[in-house]
Amino acid sequence: MFFVSSSYGEGGAYSGFLSSEPIIPIPLVHQQNPLKANIGKLLYNDPRLSADNTVSCASCHRLELGGTDRLATSIGVKGAKGPVNAPTVFNSAFNFLFFWDGRAASLEAQIDGPIHNQHEMASSWPEILDKLKADKDLLLAIQQAYAEPLSEQVIKDAIASYEKTLITPNSPFDRYLRGDLAALGQRAKRGYKLFKSYGCSSCHQGVNVGGNMFERMGVVRDYFSERGNLTRADYGRYNVTGKEEHKFEFKVPSLRNIAETAPYFHDGSAQSLEAAVEVMAYYQLGRKIPPADQQAIVAFLHSLTGELPEDAK
C-alpha cells in the first residue's frame, strides 16, 4: 500500500460512516520517502528529460491547473500535438493501469511513454542520463537517497515517489462519507443519488471514482460514427491487445477534481461538465437527462474536489 489511514480497516477496506457506498474516501495520510520524493519533484519539473530541453512532466500535468494542461491534446517538443487528452496526475497512484489504453502497469512504467513519444518529449534514456550526469547536486542527492548511482530505474522511482504524494484528500464528498452530513448541500446530495440511480457509479466508483476498469466509449450509441474523423488513438485498448472486443474501450477516468480538469474525454471534446454529463447520458446510457438532474449531478461532481498538496497552492 502506498497510502495508509486510520479510516481503512484490515485489507484496506473502508470502515467509516458510509462504508456501503460505491465510492471510498481518499486516505488522509500517505507515506513516501521524502528524500526520494524531493528528487522526484526536481525531475518532474526538469525539461532536460526532453530532447530539446523544453518539455517536462509538469508541462502537460500542471499542478496549478488540476494536474493537467487544460488542452484538448497536449503540446510536446517543437510544438508537436499529441493524440489524446492529458489525464490529471493527482491521485494517479490509485489507478489500476496507466494511459487511456492501459498499456502501462505502474507509475514507473508509465514514465517511458512520454520520454520516447515523438509528440511529447522525443528523448531516450541514454540521452537523458548523459545530460543529468553533469548535475553534481543531483548526483549527490541521489547517492544520499538511494546509495546507488544515477540510472533509468532511479529516475523512474524518484518521479513515481513524488507523484504518489500528489493526492487530494478531504473533499466535501469524502467528509460526507466520513460522517459530516453538512459537508454537502442538498443539490449535491440529490446529485449523488441520481449519479447512482442513473448507473454512473457502475463505472465510476472506488477510491478514485474511476480509474479501475475499462469501458467502451459508446455503449448504447455509436460515439465515433457520429463524431467522425476516426484516429488511431480512438481504438483505445484495442491498440494494446489487438482484440476486436477491445475496440473503442478506454480506462474509465477518475472523477476526482473533475471540475478542475476540462476539457473531458480522451479526445478533449467536451468543454464543460454539463456537456460531459450530457454526452455520457446519451452515448453510454441512451438517455436524455433533464436539466435539473444534470445540474444536480454537476453539483455532486464539484464536491469531489479535494485539498491540494502544498506544491499546487
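A salt bridge is a side-chain nitrogen of Lys or Arg within 4 Å of a carboxyl oxygen of Asp or Glu. By this rule, the structure has 15 salt bridges. The structure is a predicted model: local features need pLDDT of at least 70, side-chain atom pairs count only at pLDDT 80 or more, and totals for chains, interfaces and linings use all residues. Residues are numbered from 1 along each chain as its sequence is written, and side-chain values use heavy atoms, with hydrogens and water left out.

Some terms come up throughout. Helices (H or I, at least four residues) and strands (E, at least two) are DSSP runs, numbered from the N terminus. Buried means under 20% relative accessible area, exposed means over 50%, and partly exposed lies in between (1.4 Å probe, protein chains only).

**Salt bridges**

- Lys196 forms a salt bridge with Glu21, and their closest N and O atoms are 2.8 Å apart. This pair links distant parts of the chain, 175 residues apart. Lys196 sits in helix H9 (residues 186–197), while Glu21 is in the loop between strand S1 (3–4) and strand S2 (29–30).
- Lys196 counts as partly exposed, because its relative accessibility is 30%.
- Glu244 pairs with Lys247 in a salt bridge, with 3.2 Å between the closest N and O atoms. Glu244 is exposed, with a relative accessible area of 51%.
- Salt bridges that share partners also join Asp46, Arg48 and Asp135 into one network.

**Helix H7**

- Helix H7 covers residues 152–163, twelve in number. The expected span of a helix is 1.5 Å times one less than its number of residues.
- Nine of the twelve residues are buried, so H7 is largely enclosed by the rest of the structure. The buried residues include Val154, Ile155, Ala158 and Tyr162.
- What covers them? Contact means heavy atoms within 4.5 Å. The cover for the buried residues of H7 includes H1, H2, H3, helix H4 (112–116), helix H5 (125–132) and helix H6 (136–146).
- An α-helix has 3.6 residues a turn, so residues three or four places apart point the same way.
- Lys156 is buried, at 11% relative accessible area. Glu152 counts as partly exposed, at 22% relative accessibility.
- Glu163 is also in H7. Glu163 is buried yet has no salt bridge. Lys and Arg count as positive and Asp and Glu as negative; His and the chain ends are not counted. The nearest side chain of opposite charge to Glu163 is Lys164, 8.2 Å away.
- Glu163 touches Tyr44, Val89 and Leu107, leaving out residues up to four places away in sequence.

**Nonpolar cores**

- A nonpolar core is a set of buried Ala, Val, Leu, Ile, Met, Phe, Trp, Tyr and Cys residues joined through side-chain atoms within 4.5 Å.
- The largest core has 35 residues. Ile23, Phe173, Phe195, Ile297, Phe300 and Leu301 touch the most other members. Helix H8 (172–177), H9, helix H10 (223–227), H12 and helix H13 (291–302) each give two or more residues to this core.
- Another core, of 31 residues, lies apart from it; among its members are Leu49, Ile115, Ala122 and Ile155.
- Leaving aside neighbours within four places in sequence, Ile297 is in contact with Gly191, Leu194, Phe195, Tyr198, Val277 and Ile289.

**Aromatic pairs**

- Rings of Phe, Tyr and Trp (its six-membered ring) pair if their centres lie within 6.5 Å. Planes under 30 degrees apart count as stacked, over 60 as edge-to-face and the rest as tilted.
- There are 15 aromatic pairs by this rule. One of them, Phe173 with Tyr176, is tilted: 5.9 Å centre to centre, with 35° between the planes.
- Both of these residues lie in helix H8, three residues apart, about one turn of the helix. Phe173 and Tyr176 are both buried.

**Backbone points**

- A cis peptide bond joins Ala262 and Pro263, with omega about 0°. Pro263 is in the loop between strand S4 (249–251) and helix H12 (273–285).
- Asn53 has a positive phi of about 60° although it is not a glycine. Asn53 lies in the loop between helix H1 (34–44) and helix H2 (57–60).
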